[in-house]
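Subject: Structure handover

Dear colleague,

Here is the structure for your files. My notes on its pockets, cavities and core follow below it.

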Amino acid sequence: MMNVATTTRAVVRGCGGERYSIFKTLAMLRNAGFSIVDWYAPECELLDGREEAGDCERWKRWACEVRDCAEKLGLRFCQMHALDQNYARGEAYAQYISRASEKTFLAAQILGVRDAAIHPILSAPERRDFDHCIADNVAYFSRLADTAGKYGLRLAIENMLSKRHFDGTEEWRFCTSWQAHRALVSALDFENVGYCFDVGHANYTGTDPYDVPVAMGKRLFAIHVHDNDTFSDQHLLPYQGTIDFNRFTQGLADAGYAGNMTMEVINAANRMPEPMAMLTLKAICEAARHLADKVERARAARAALGS
């Protein structure tokens, strides 16, 4: 049976904009019906306003407290969203992200995380042709795969999008096509490197939600599930946008995907009054269960046909 999960980012702010502690977020997610969560590391309070990532002991204490809280609530962690590397912000920032990433991997190991979803890096502006982007990403992820492996983690590199604006401009990103995504992951010959398929990003870029998961096959480690109207990266509840979820769930079944139905609906419960936020989180959980059930039924149909 496919399990359902959600990002901790689903509810991190109250209606007045106040930031919730990770402990409150976990309690709300458990009360909404989730038993598995995806830790969104960029929101970790240990990173707030600090040029340094802090010492290992501090991260260990934090992770142990969060793990103990989760266990008491009946929650477990399945994956994390790792930190983005951005060489366009200069060498000092890149060094900071490298140090901070290892600290988050240490915390993830304590939390029991297996997979780290991560965006392709942003190369410096003068290196944004395909060949340089591949070279920069392969160099970075080769190092990071070794670091992640020390903590028992697999890296799931995510398909991206270039945000479009009403003035006609776009924010450049690498790996907005399946061809680039496949080229990058194929160039990384590590057992602990695979794909994260973000179906919302795929919808935005016109990427087929069936063909690509099937092509990813056994290297599909993780998924992010949300919806949009193809113009904006809205992170809506499934069926509020234009994604063909029949093709998506059939694709997961035919790919042999063995992970969780992990929701990344972040623009629904945040900044709502708490009673409304709880209703919304429950709706997200029900949507995840619905999609997981569709995958299971598609698997059963395949088995019945002997394929």
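In these notes, contact (or touching) means heavy atoms within 4.5 Å. On that basis, and leaving aside neighbours within four places in sequence, Met80 is in contact with Asp38, Trp39, Ala41, Thr104, Phe105, Ala108, Val113, Asp115, Ala116, Ala117 and Leu153.

This is a predicted model, in which local features need pLDDT of at least 70 and side-chain atom pairs count only at pLDDT 80 or more, while totals for chains, interfaces and linings use all residues. Residues are numbered from 1 along each chain as its sequence is written, and side-chain values use heavy atoms, with hydrogens and water left out.

Core

A nonpolar core is a set of buried Ala, Val, Leu, Ile, Met, Phe, Trp, Tyr and Cys residues joined through side-chain atoms within 4.5 Å. Buried means under 20% relative accessible area, with exposed over 50% and partly exposed in between (1.4 Å probe, protein chains only). The largest nonpolar core has 93 residues, and Met80 is among those with the most contacts inside it, as are Trp39, Trp62, Phe105, Met261 and Leu281. Helix H9 (residues 274-305) gives the most to this core, 11 residues. Helices (H or I, at least four residues) and strands (E, at least two) are DSSP runs, numbered from the N terminus. A second, separate core has 5 residues, including Ala117 and Cys196.

Two buried residues

His81 is in strand S3 and counts as buried because its relative accessibility is 4%. Its side chain is joined to that of His119 by a polar contact of 3.3 Å. Such a contact is a pair of N or O atoms within 3.5 Å; within protein, one must be able to donate a hydrogen and the other to accept it, and residues adjacent in sequence count only if both atoms are side-chain atoms. Beyond four places in sequence, the residues that His81 touches include Tyr40, Glu158, His224 and Glu264.

Pro238 lies in the loop between S7 and helix H8 (245-255). Pro238 is also buried, at 8% relative accessible area. Among the residues it touches, beyond four places in sequence, are Phe245, Met263 and Leu291.

Pockets and cavities

On a 1 Å grid over the protein atoms alone, a cavity is a set of points where a 1.4 Å probe fits but cannot get out, and a pocket is an open set with protein on both sides within 12 Å along at least five of seven lines; lining residues have an atom within 4 Å of a point. Grid points are joined across faces, edges and corners, and a volume is the space filled by probe spheres set on the points.

The largest pocket has a volume of about 720 Å³. It is lined by 29 residues, with Arg9, Tyr40, Asp84, His119 and Arg173 closest to its centre. Helix H3 (residues 91-111) provides the largest share of this lining, 3 residues.

The second largest pocket, at about 350 Å³, has 22 lining residues, and Arg114, Arg154, Phe221, Ala258 and Gly259 lie nearest its centre. S3 gives the most to that lining, with 4 residues.

The search finds 2 cavities of 30 Å³ or more in the whole structure. The largest cavity holds about 120 Å³ of space; 14 residues line it, and Val12, Arg19, Ile22, Glu43 and Glu45 are the closest to its centre. The second largest cavity holds about 50 Å³, and its lining includes Asn159, Cys175, Trp178 and His181.

Regards
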